[in-house]
Amino acid sequence: MRVSNRKKVICLQGVSYSYPGTNNRIVLDNINLDVHAGEMLVLLGPNGSGKSTLARLMNGLLAPSCGQVLVDGLNTADDTSLWQVRKKVGMVFQNPDNQLVAATVEEELAFGMENLGFPPEEMMKRIREISARMQLDELLNFPPHRLSGGQKQRVAIASVLAIEPQALVLDEPTSMLDPAGRREVISELNRLKQSGKTVVLVTHDMTEAITADRIVVLVQGKAAFMGPPRECFSRVAWLQEIGLEIPPAAELARRIRGKGLVVPQDLYHVADWV
Ligand code: ADP
């Protein structure tokens with residue numbers, strides 16, 4: 001089934017946003033965007049382009065100044081449905097230390113479910129399932145602060161997944177991690193995508209967008225591009241112009257090809273970008 005035929009989990013209709021007390025300075029300008037079930041959507045853009053603001057609008061942390069955001073048909077601006085909206089769209093933030101609050105990984109996985117009043121047996125069942133699926137079983141008794149950055153972020157992701165949201169929105173989840181932690185988190189997101197989860201990933205790192213179904217590039221609050229990765233990455237000059245960094249591997253492939261040489265197989269995954 002084509003992604004666009006699937007159910008719409010999050011719909012943004014004519015959404016604009018200005019932060020209070022900023023003289024109506026427009027941070028997001030007339031965004032129209034549907035996130036479909038099972039889709040991996042990447043929000044790409046330079047710093048300050050409005051990515052985090054858009055992510056926060058997707059689970060009702062912010063309400064639009066104009067237009068509306070619907071989550072599974074519920075209007076996020078409606079206070080009575082906000083609790084439901086937060087259950088349907090789970091958020092993961094940049095710094096896992098701000099998100100992890102419990103004394104052990106197991107308690108961390110239980111935390112969100114406890115707040116939502118899940119019965120203890122159901123919580124235990126879900127903790128077993130999620131820790132097995134995300135290879136956290138051996139860490140259940142560990143204090144989260146003793147884990148590596150990548151492990152902490154996986155625990156943060158697992159604790160949000162435990163409440164079985166319809167979509168997961170991650171706001172630059174790798175930006176505070178070392179390269180190994182980044183790989184760990186991105187592999188996890190790709191596994192989630194393979195298992196059919198709806199994932200929205202906010203990043204300014206193009207390498208993290210390669211496996212997306214669709215990319216939205218934000219520039220000064222406008223959706224300046226929306227389409228598949230191949231089409232996005234073919235616009236190298238434009239991407240550079242708006243301030244995104246072309247990954248070194250893609251740059252290398254471009255230079256090799258420019259000299260009339262054959263691009264080595266290891267660079268095939270990025271060679272099409274240039
Ligand atoms: P990005 O995630 O792409 O870096 P943001 O959504 O964080 O962009 O920010 C978009 C714009 O909104 C920036 O100009 C930023 O300075 C401004 N902004 C972000 N948060 C606030 C806030 N709480 N109050 C006022 N302006 C803000």
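Predicted model: local features only at pLDDT ≥ 70, side-chain atom pairs only at ≥ 80, totals over all residues.
Local features need pLDDT of at least 70 and side-chain atom pairs count only at pLDDT 80 or more, while totals for chains, interfaces and linings use all residues. Residues are numbered from 1 along each chain as its sequence is written.

**Confidence**

- The protein chain has an average pLDDT of 90, and 95% of the residues score at least 70; pLDDT is the predictor's confidence in each residue, from 0 to 100.
- Helices (H or I, at least four residues) and strands (E, at least two) are DSSP runs, numbered from the N terminus.
- For the model, ipTM is 0.99 and pTM is 0.90.

**Domains**

- Domain 1 takes in 3-98 + 166-243, and domain 2 takes in 246-274; these bounds come from an automatic or database domain assignment.
- Between the C-alpha centres of domain 1 and domain 2 there are 29 Å.

**Ligand shell**

- Residues around the ligand include Tyr-19, Thr-22, Val-27, Asn-47, Lys-51 and Thr-53; a residue is near a molecule if its C-beta atom, placed from the backbone, lies within 6 Å of it.
- By class, this shell holds eight polar, two nonpolar and one charged residues.
- Ala, Val, Leu, Ile, Met, Phe, Trp, Tyr, Cys and Pro count as nonpolar, Asp, Glu, Lys and Arg as charged, and the others, Gly among them, as polar.

- In α6 (residues 149-161), 12 of the 13 residues are buried, that is, 20 or more other C-beta atoms lie within 10 Å of their own, with C-beta atoms placed from the backbone.
- The cover over the buried residues of α6 includes α5, β6 (89-92) and α7 (179-194).

**Met-176**

- Met-176 sits in the loop between β7 and α7.
- Met-176 counts as partly exposed because it has 17 C-beta neighbours inside 10 Å; that class lies between buried (20 or more) and exposed (12 or fewer).
- Leaving out residues up to four places away in sequence, Met-176 touches Gln-94, Asn-95 and Gly-149, where contact means C-beta atoms, placed from the backbone, within 7 Å.
- Gln-94 is 82 residues from Met-176 along the chain, with 6.6 Å between their C-alpha atoms.

Conventions:
Contact = placed C-beta atoms within 7 Å.
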